[in-house]
Amino acid sequence: MNKYFPWSSLAIPAQDKLSVCRIFETSNFDIYIAKDCDGAYRCLISLSKNPLMLLRSLNLNINSMKIDLTKGDSGLFLLNIKLLNEEMLDIFDYILFILLSECVSDNSEDSFVTKLLNNLKNWQRFMQSRRGILSEEKIQGLIAELQFMHDLIECNKEFSSYVVESWRGPERLQQDFIFENEVVEIKSIGNIDKKVIAISSLDQLQASVEKLYIMVYAVTKCDMLNAGVSLNRLVENLEDLLSSSSKLILHEKLLEAGYLKNEKYDDLKYQIRKVGSYLASDGFPKLTSGAIPDGVVNVKYGIEIDKIEQFKSSICINGLYALN
């Protein structure tokens, strides 16, 4: 996989030495990737102030990393984040990029360190809550949302940051994309012959904006011999369309959705086909809270795609850009 930092350029140094390479060269802070004589990878951050109290208060304990603090002869402090398992270098590289990108532009060392260490604490919580890779059902749903984002941005690249910021699926809100005057709910069907889309709640097709669209993709699993796209590849394709700041927002939302780049996702390939987009306007077949008797809860239902052909519509966002 492509890496964000040049780890392969680091040679194994002599005993008790480190091979280092500075990263984020335009930052005010001295940050390095490094390799020690045992071949272990590290991230080193030079600081003028001692962050020991903050480190102790956060009680960082990440299974895959060891975090140390030392003081050098020059009087500077060195924050040393060591990867304990070389096989996790892809993940280490990925998460360092996310955590550091958010704070390297700070001018204040106090602010930089506080953000970085708190980000590490959030990463610790995420790792503790992880239960392997996403289920295939969640992978298919995430692929559909990312494909919509890719399609919309590819047609309207100047609005890429707005599209990424409007993705609310990871927050588990009622709809997946919430724009100023429109919302878009993304649906995936796992079989090209399946003619029903699942509605998970009464609120899903209710919104206080001008237009509510439903975008349907068929996301079907295929074997390794057939052409298809993996979740990792789809994320990379989307990244290619984004600026650095938008890419960072995307990474944060992906983590919130439970996705972390993993080689296991490369073994799952999918074919993606756009079924259609629909405007849930007057007459659209849907259930609302006002039509349900008191006492009835947790309503889930399906809508036959063949019965909503008359509601097919291009998606127009803010009157500025559209997806056919």
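Analyst: In this predicted model, helix α2 (residues 89-101) and helix α7 (residues 244-256) have axes that come within 10 Å and cross at roughly 120°. On the α2 side, the contact is made by Y94, I95, F97, I98 and S101, while α7 brings L248, H251, E252, L254 and L255. Sorted by class, this contact of α2 with α7 holds seven nonpolar residues, two polar ones and one charged.

The buried residues of α7 are S246, L248, L250, H251, K253, L254 and L255. Buried here means under 20% relative accessible area. As for its length, α7 has 13 residues, which at 1.5 Å a residue should span 18 Å; the C-alpha atoms at its ends are 19 Å apart, so the two values agree. Just after α7, G258 takes a positive phi of about 95°.

Now look at S101, which is found in helix α2. Its C-alpha atom is separated by 8.9 Å from that of S244, although S101 and S244 are 143 residues apart along the chain. Leaving aside neighbours within four places in sequence, S101 is in contact with F24, L96 and L248.

For comparison, you can turn to another helix pair. Helix α4 (residues 136-155) and helix α6 (residues 231-239) pack at an angle of about 20°, and their axes are 10 Å apart. These two helices, α4 and α6, are therefore roughly parallel to each other. The crossing of α4 past α6 is left-handed. From α4, I139, L142, I143, L146, Q147, M149, H150 and I153 meet L231, L234, V235, N237 and L238 of α6. The residues in this contact of α4 with α6 divide into ten nonpolar, three polar and no charged.

Stepping back to the whole chain, there are seven helices and 13 strands. The C-alpha atoms of the protein chain fill a box of roughly 75 × 45 × 40 Å along the principal axes. Of the 324 residues in the protein chain, 47% are buried. Among contacts in the protein chain with a separation of 6 or more, 72% are between residues 24 or more positions apart.

Terms used: Residues numbered from 1 in each chain as written. Predicted model: local features only at pLDDT ≥ 70, side-chain atom pairs only at ≥ 80, totals over all residues. Heavy atoms only, no water. Axes fitted to C-alpha atoms, helices over the stretch in contact; angles between N-to-C directions. Helix = DSSP H or I, 4+ residues; strand = E, 2+ residues; numbered from the N terminus. Contact = heavy atoms within 4.5 Å. Nonpolar A, V, L, I, M, F, W, Y, C, P; charged D, E, K, R; others polar. Expected span 1.5 Å × (residues − 1). Buried < 20%, exposed > 50% of the residue type's maximum accessible area, 1.4 Å probe, protein only. Parallel < 35°, antiparallel > 145°, perpendicular 65-115°, else oblique. Left-handed = near helix turned anticlockwise from the far one by under 90°.
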